[in-house]
Amino acid sequence: MKKIFVANFKMNKTNPEVLDYIQELNNHLPESLSSDVCLCLPYTSLCLGKFLDERIAVGAQNMHEEDFGPFTGEISADMLCCLGVKYVIIGHSERRKYFNETNEKINKKIKTALRHGLKVVLCVGETKVQRNSKRTTEILSQQIESALSGIFENELKGIIIAYEPVWAIGTGKVASSEDIEEAVKTIRKLISSHYSKQAAQDQKILYGGSLTSGTAKSILKIDGICGALVGGASLDPNEFIKIIS
Ligand code: PEP
C-alpha cells in the first residue's frame, strides 16, 4: 500500500513564509517520490497550493458542515474545492478541545466533505487521563462509531483515519509501538464489525503525535500503519522531506 503523509501547519506561517516553504520543498523533493503527500495549509494560504509540485496535494485543517449561510468567519466545502483543495482534516483534538467540536458535528462535517469529493483525514485518540484509566478502546469506539454513523462502506475509501493520542501531540512524546499497534487493531476491529473484514483490511490508518525524521522509520514499520499526520516537524521543509522520503 502507498504510504500517505499529511502535514498539518496549524496556525503557523504567513503567505510569504509559505511561498518560501513551497520553493524549498519543490526544489528538494526526491524524483522517486512514491508516497501520497498533502500539505494542510492555513485557510489564508490555500490559494498558494497552485505553486506546489504537482505530486503534492493541498489540504485544509477544518471546514464547516453546512454548504453556505450565515456562519460568519466559517469556510465551506465548496470554497475549499474551488481552491483545488483535495483533503480536509476533521476532528483534530485541538478543534475538539478548543472549539467544542462534538462527535455529532464531526459526523456532519465528514458527510459534507465526502459529498463534495474531499478526502477526509479523521483524527481520533485518547487523552492521557483516558489512557491511564484504561479507556482507550472505549474512547476510540465512541469517536469512530459516531464519526462514521450513516456512512456507507463504499464511502470509506474517502476516509483516512489518523490515530493521534492527544498526549503525544506537540509534546515530544511519541506513543510506543505496542500502543500504536493496539490502537490500530482496535480501529480495524471496529471497522470490521460495522462494515466488513475487507473494509477493515482496506482502511487507511495513519499515526500522528510528535513524529520526526528520527522516529518516522520505526513508526512506519508498525503493522497496519499506512503513513503519518505530521504537525511540528512538517514546518521545516527539509525535515518534512526526510520524513516522506
Ligand atoms: C498534529 O497536530 O496533528 C500533530 C501530529 O502534531 P505534532 O506532530 O506536532 O505532534
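Predicted model: local features only at pLDDT ≥ 70, side-chain atom pairs only at ≥ 80, totals over all residues.

Q: How many aromatic pairs does a search of the whole structure find?
A: The search finds 1 aromatic pair. Its members are Phe-9 and Tyr-21, with ring centres 4.8 Å apart.

Q: Is that pair stacked or edge-to-face?
A: The ring planes of Phe-9 and Tyr-21 stand at 70°, so the pair is edge-to-face; the cut-off for that class is over 60 degrees.

Q: And where do the two residues sit in the chain?
A: Phe-9 is in the loop between strand S1 (4–8) and helix H1 (15–28), while Tyr-21 belongs to helix H1. They are 12 residues apart, and the pair links distant parts of the chain.

Q: Phe-9, then: buried or exposed?
A: Phe-9 is buried, with a relative accessible area of 0%. Tyr-21 is buried as well, at 2%.

Q: What about Lys-134?
A: Lys-134 is not a glycine either, and its phi is positive at about 55°. Lys-134 lies in the loop between helix H5 (128–132) and helix H6 (136–147). With a relative accessible area of 77%, Lys-134 is exposed.

Q: A change of topic: which residues form the negative surface patch?
A: Glu-178, Glu-181, Glu-182 and Asp-223 form that patch.

Q: Where is Glu-182?
A: Glu-182 is in helix H7, residues 177–194. Its relative accessible area is 54%, so Glu-182 is exposed.

Technical notes. Residues numbered from 1 in each chain as written. Heavy atoms only, no water. Patch = residues over 30% accessible without salt bridge, like charges linked within 9 Å, V, L, I, M, F, W, Y side chains within 5 Å. Areas by Shrake-Rupley, 256 points an atom, 1.4 Å probe, with all protein chains shown as cover. Salt bridge = Lys/Arg side-chain N within 4 Å of Asp/Glu carboxyl O. Lys, Arg positive; Asp, Glu negative; His and termini not counted. Charge placed at Lys NZ, Arg CZ, Asp CG, Glu CD. Helix = DSSP H or I, 4+ residues; strand = E, 2+ residues; numbered from the N terminus. Buried < 20%, exposed > 50% of the residue type's maximum accessible area, 1.4 Å probe, protein only. Phe/Tyr/Trp six-rings, centres within 6.5 Å; stacked < 30°, edge-to-face > 60°.
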